[in-house]
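Look at the structure first, then read on.

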Amino acid sequence: MTDTNTMTTPLTRKDFVSNQEVRWCPGCGDYAILSQVQKILPKMGIPKENFLFVSGIGCSSRFPYYMETYGFHSIHGRATALASGAKVANPELSVWVITGDGDAMSIGGNHFIHTLRRNIDMNILMFNNRIYGLTKGQYSPTSEIGKVTKSSPLGSLDYPFNPPALALGAGGTFIARAIDRDQGASLEILERAAKHKGTSFVEYYQNCLIFNDGVFSHLTEKNTKDDTVLHLVHNQPMRFGKDNNKGLRLVGSQFEVIELGSKFGINDVFVHNENDKNLAMLLSELTYSDVLPTPVGIFYVKDTPTYETMVEDQIERAIKIKGKGDLNKLFNSSGTWVVE
Amino acid sequence: MSETKKQVTELTDVTIRFAGDSGDGMQLTGTQFSDNTAIFGNDLATFPDYPAEIRAPAGSLAGVSSFQIQFSNRDIHTPGDDLDVLVSMNPAALKVHLADLKENGMIIINDANFTKRNLQLAGYDSNPVDDGSLSNFRVIHVDMTKLVTIATEEIGLSPKLVARSSNMFALGIVYWMYGRKFDNTIKFIKDKFSSKPDISEANVRALNAGFNYGETIEVIKTSFHISKAVFEPGTYRNMMGNMAVAYGFLAAAQSSGLNLFYGGYPITPASDILHYLSGYKHFNVKTFQAEDEIAGVVSAIGAAYAGDLAVTATSGPGMALKTEAIGLAIITELPLVIVNVQRGGPSTGLPTKTEQSDLLQAMWGRHGEAPCAILAASSPADCFEATYEACRIALKYMMPVILLTDGYIANGSEPWKLPDLDKLPKLTTRRVTDPEGYQSFDHSSEILARPWAIPGTPGMEHRIGGLEKSDGLGHVSHNPLNHHHMVKLRQKKVDIIAKEIPDEIPFGDTSGDLLVLGWGGTKGALRSAVARARGEGKSVSHVHLRYLNPLPNNLGELLLKYKKVLIPELNLGQLAIIIRAKYLVDTISFSKLQGKPFTITEVYQRIIKEIEG
Ligand code: SF4
């Protein structure tokens, strides 16, 4: 009975809301992301019971408790490893990893890069607030150098990771950036991420209003965001600005901002190609730029076989060649003797 | 071929050690002889011992690799203490192993390698072959390499490749000594070198040349015969511990109807389990070679949540890395089997040598109150049943189970009676699919195991994780009384297993002067030593534990029936700590930490000392 219900009645956002009280600080960017995810899941055409949300440790990692799906709140840094095991065990599942900048890039850095390299089909949403929230405000691996925090009263001495560049370097096949407060763009990115066959990495800029408030405000405030955010659209010139009057031009291997008008025309603006890895690298280099806009959207997509399908293929091939495993045959396979 | 002119001497048991440089192929030679011995029908036990370095300098003492086998016409439990025959392919091997040879024992030497440089490397001032220092032994020394060169001349291989077949010459001599046919080795060579017919042919010729040499020369005056051992009826094969673990997993997966998922990271001496399982894809086995030990076990936990029979194997250092995750499996109450093939520690320690020093780590090596079931395998073949039992407990009770084996039984071998698969206990799981009244942390069953609802099952969506959960509903709970209750519940879940653990029945008497209590891979030496002392009328008995957590119900009572309890362990007394703490019974520890198993003699002598002393 339940079967038919889940299969025939279209799912809605509400089907994905659990009965647990959400415990993030009021105003935390996590709320927006939660609601965006809950909005797109019903559209995926996947039975609700096939969703699995896995998280590590950190503020963001409470996420699975708020989803009315299967969920696993694991241990610090290990969410991608746990999700890998679950997905390989059951490739039917739609697996989502909810992690943070500390969880994914610090304690879980190793699992993060190896998951990307293997291209296991899962969606990694990394809530990047550039701070440790749950442990109450130490600098994170994405905090800017010089950041004054509880554990760096004289300023942090760590150079930060550049998440899209790291993911590209690790061989990621879907790399994107979203912003908690930019719902429109985020929904599109999430949908594409979910549909991508392979590891999708979405860096979600997320405001922690308690320990790092406003770190992305230049990208989200009305009066600045048009000039600071570059929305990446495949096959479209990379334009931005209030009146869409600015663009990025490539000079040598560097981007520079041009004003569209008398001197430069639309043909001078570089066209985004989400399948060009070199371009994705150049775009990821804008992450910490003071002068150039911050790219948001899909940096890079590549279609390539996923790990878990290759696992299934190997099993199928092995069965074809050797026949279905037979224990008695295996046990008797070498050097046996019979005692009467 | 000349007619057989020599006499045959009847023996009951023989211990041979094949020793040489790492590059001399001693493991292969030993394995071939073992398989041949098994097929011949003797009882046997083997002990490979190899250097930690992959390529220690050729000819050096550090580079000596050896393989020991005892075979017999009676039931034996160890690879033997003292050697009857030592095959020394180079001076270093002779230097390292001579002390273990019995007086008047036989040494088989490859003269080709007793060069000035090799003698120097081994620390010999003069060649022991001709300076009289081996006069207490029977020495057969022959330039094997030269004879192999002659035998393989027509093939036209390079001298280096020819020299590599010398081990087959040595094996040929030994085959002759024990009157063996060696079709299995010829088949092995042909399979192994099927793409290199030249090398295949050279090895076969070397083997035959060695056999013929044994037959012709006068030095060996007699060949030996060890009649078949008496085994229970059945089909047997020679089995190594790591392979038995892999087989145990396969059998458990089949019985439970689950797919097997192995998540792991290569580590000596456990890697062979990963190697074997990765070859069993046609059994629907998924092996995930993870980026590190942590991901190895964590991926298995993910697979367990997703509904597979999830397992991992490692050794001490890897176990240390896995401990946090094992705590997660304990609090989420998921079935998981973790095999620890123990080796010498701490840290990198003695990676290729055996030890039993991870018992307390298994017991108490996690933060928080984190109990799980712990089992130990007692011999290479026993690894099969122990693994199967570990899976049974994990699936039935919904908890991680640690199975302790060790380097000695992992690489050692003995005859294994193929099990009747239909007679193994059927493995049941806690899988549920009916959403009616489902609660993820429902502990109302008699054994307190929670139900196992797996992702993909409609209507049973639930969340689990490392945070404390409320009994029943399984919601995150920081309630103080709930935590107290859950901690006790997790302990009780383990304790309850004792109900179905069979009572220990001592080997020997149910009371007496001395009880020898052991666990794990020391069983063979302990049992043999106790048997020897009992043969001399000593009042000594033996109990060997498979279940270490929980312990068998009758153990406490049993301990009180003996005047003394001796606990021999390859550690500083870890079981002794548990026994003393749990039963308030005094125990005597007999420790050995040399990277080697106990010999029968040293345990026997200690038994005598405790009884007479
Ligand atoms: S500490 Fe920051 S990140 Fe954490 S819940 Fe509060 S606002 Fe959100």
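## The helix pair

α11(B) passes α12(B) in a right-handed crossing; a crossing is right-handed if the near helix is turned clockwise from the far one by less than a right angle, and left-handed if anticlockwise. The model is predicted: local features need pLDDT of at least 70, side-chain atom pairs count only at pLDDT 80 or more, and totals for chains, interfaces and linings use all residues. Residues are numbered from 1 along each chain as its sequence is written, chains are lettered from A and ligands numbered from 1 in written order, and side-chain values use heavy atoms, without hydrogens and water.

In chain B, α11 spans residues 293–305 and α12 spans residues 316–332. Their axes lie 8 Å apart, at an angle of about 25 degrees. The two helices are therefore roughly parallel (angles under 35 degrees).

## Where the helices meet

From α11(B), the contact includes Glu293(B), Ile294(B) and Val298(B). From α12(B), Leu321(B), Lys322(B) and Leu328(B) are among them. Contact means heavy atoms within 4.5 Å. By class, this contact has 8 nonpolar, 2 polar and 2 charged residues.

## Between the chains

Chain A brings 64 residues to the contact, and chain B brings 71. About 5,300 Å² is buried between them (accessible area, 1.4 Å probe, lost on being put together and summed over both). Carbon and sulfur atoms give 64% of that area. On the chain A side, Tyr70(A), Phe331(A) and Trp337(A) lose the most area to chain B, together 17% of what that side buries.

How many salt bridges cross the interface of chain A and chain B? The rule finds 3 (a side-chain nitrogen of Lys or Arg within 4 Å of a carboxyl oxygen of Asp or Glu). Glu68(A) forms a salt bridge with Arg463(B), with the closest N and O atoms 3.1 Å apart.

Conventions:
Axes are lines fitted to C-alpha atoms, for helices over the stretch in contact, and angles run from 0 to 180 degrees between N-to-C directions. Helices (H or I, at least four residues) and strands (E, at least two) are DSSP runs, numbered from the N terminus. Angles under 35 degrees count as roughly parallel, over 145 as roughly antiparallel, 65 to 115 as roughly perpendicular and the rest as oblique. Ala, Val, Leu, Ile, Met, Phe, Trp, Tyr, Cys and Pro count as nonpolar, Asp, Glu, Lys and Arg as charged, and the others, Gly among them, as polar. Buried area is the accessible area (1.4 Å probe) that two parts lose on being put together, summed over both.
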